[in-house]
Amino acid sequence: MSMNNKQRWMGGVVLLGGGVLLAALLLKGNEEIKQVEAQPSASTSPKTQTKPKQTTEGQMVQLQAVDVETEKRLLEEQRRAREKAVAEQEARAAEFLAMQQQAEADAARKAAAEYAAINARRTAAQESSDNIPPELVGEAKAKNQQANTVNKTTDTSKIDADKKAAEAKRQAEADKKATEAKRQAEADRKAAEAKRQAEADKKAAEAKRQAEADKKAAEAKRQAEADKKASDAKRKAEAEKKAEAEKARELLENGDKKWMVQVALAANQANADAVVSKLRAKGYKVTTSPTSKGIRIMVGPAKDRDTADAARKKITSDSSLNMKSAWVIDWVPLDQR
């Protein structure tokens with residue numbers, strides 16, 4: 001094997017080995033990136049599972065906040081894992097390039113040394129060519145020309161190999177940047193989606209709380225109005241009762257209408273109120289007066305005895321009142337006796 005053929009064979013072996021090593025590193029880096037991307041989906045299954053929402057809104061909001069924080073933390077872990085994988089791949093690529101450059105430099109130095117030795121031998125042969133026959137001199141020139149052609153071819157192959165290596169490096173960097181941009185865009189999309197979902201959940205919870213607050217406010221307003229109406233009705237009834245009592249007292253104390261129909265003598269105020277309610281429901285004017293034996297219940301007063309007696313007969317004939325023992329009295333208030 002000639003020296004030039006040996007140099008070409010060594011240069012081809014170096015280039016072929018470098019290409020195989022670069023391809024292996026790129027494939028290994030892509031597999032590691034895929035494994036890193038696949039790990040978050042597996043790791044999120046047990047951690048991001050949320051328990052069913054409880055009955056209170058505070059617990060629901062708390063679970064939503066936990067989900068958002070967990071998603072942010074997982075995204076940050078993914079970003080760190082990607083950066084670590086990219087850094088490792090770049091380190092391996094730099095190491096491979098350094099090895100390739102070192103191998104090329106070694107091959108170049110060896111080729112330069114061999115070329116210098118060939119030139120030295122060529123110079124020595126040229127110096128002794130004066131005693132060599134002309135046909136041998138022509139053959140030596142032809143060999144020298146052939147050696148120069150082989151050297152030029154080797155240099156051209158080396159330049160082409162350097163260009164291909166640089167192009168492969170640029171392509172690898174472009175692919176790495178494209179992959180990183182794609183992963184970043186996907187991460188940004190997921191983060192934006194998680195943010196929109198969190199905002200939608202927050203608005204829904206706020207709307208629900210507002211609706212419940214409005215419902216409670218309306219219920220409180222209705223209850224206040226009902227209480228006010230009940231209080232007004234009670235005050236009105238008390239006022240009417242007081243006015244009627246005042247009117248009866250005025251008639252009894254200042255008028256000449258003294259004839260009354262005593263319908264019952266109640267043992268207590270509760271019984272008296274029951275009888276008074278029945279009589280008033282029939283349209284009678286009723287007056288009560290406490291005595292030592294109980295509460296006297298009277299209907300009237302009337303202008304004269306006949307009018308009072310007619311009222312007595314009407315009361316005793318009314319079976320719904322059940323007051324058979326009513327009688328007419330000439331009643332005088334205690335303060336006028």
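This is a predicted model: local features need pLDDT of at least 70, side-chain atom pairs count only at pLDDT 80 or more; totals for chains, interfaces and linings use all residues.
Me: What makes a stretch a helix or a strand here?

Reply: Helices are DSSP runs of H or I with at least four residues, strands are runs of E with at least two, and both are numbered from the N terminus. By that rule the chain has 5 helices and 4 strands, in the order α-α-α-β-α-β-β-α-β. Residues are numbered from 1 along each chain as its sequence is written, and side-chain values use heavy atoms, with hydrogens and water left out.

Me: Why is arginine 183 called buried?

Reply: Buried means under 20% relative accessible area, exposed means over 50%, and partly exposed is in between (1.4 Å probe, protein chains only). Arginine 183 has 6% relative accessibility, so it counts as buried. You'll find arginine 183 in helix H3, residues 134–254. Over the chain, 22% of the 337 residues count as buried.

Me: And what makes tyrosine 115 partly exposed?

Reply: Its relative accessible area is 33%, so tyrosine 115 gets the in-between label. Tyrosine 115 belongs to helix H2, residues 57–127.

Me: How do you know that arginine 183 makes a polar contact with glutamate 180?

Reply: A polar contact is a pair of N or O atoms within 3.5 Å; within protein, one must be able to donate a hydrogen and the other to accept it, and residues adjacent in sequence count only if both atoms are side-chain atoms. The side chains of arginine 183 and glutamate 180 make such a contact at 2.6 Å.

Me: What is meant by the largest nonpolar core?

Reply: A nonpolar core is a set of buried Ala, Val, Leu, Ile, Met, Phe, Trp, Tyr and Cys residues joined through side-chain atoms within 4.5 Å. The largest one has 19 residues, and Val261, Val263, Leu279, Ile297 and Ile315 touch the most other members. Strand S1 (259–266), helix H4 (269–281), strand S3 (295–302) and helix H5 (305–317) each give two or more residues to this core.

Me: Which residues does valine 261 touch?

Reply: Contact means heavy atoms within 4.5 Å. Leaving out residues up to four places away in sequence, valine 261 touches several residues, including Ile297, Ala311, Ile315 and Trp327.

Me: How do you know that H4 has close to the expected reach?

Reply: The expected span is 1.5 Å times one less than the number of residues. H4 has 13 residues and reaches 18 Å from its first C-alpha to its last, close to the 18 Å expected.

Me: Why are the buried residues of H4 said to be on the same side?

Reply: Ala272, Val275, Val276 and Leu279 are buried in H4. They cover an arc of only 100° around the axis, so they sit on the same side of H4; that arc is taken from the directions from the helix axis to the C-beta atoms. The buried residues of H4 pack against S1, strand S2 (286–290) and S3, while the face turned away from the buried side carries the exposed residues Ala270 and Ala281.

Me: What makes asparagine 322 stand out?

Reply: Asparagine 322 is not a glycine, yet has a positive phi of about 55°. Most residues other than glycine have a negative phi. Asparagine 322 is in the loop between H5 and strand S4 (327–330), and its relative accessible area is 60%, so it is called exposed.
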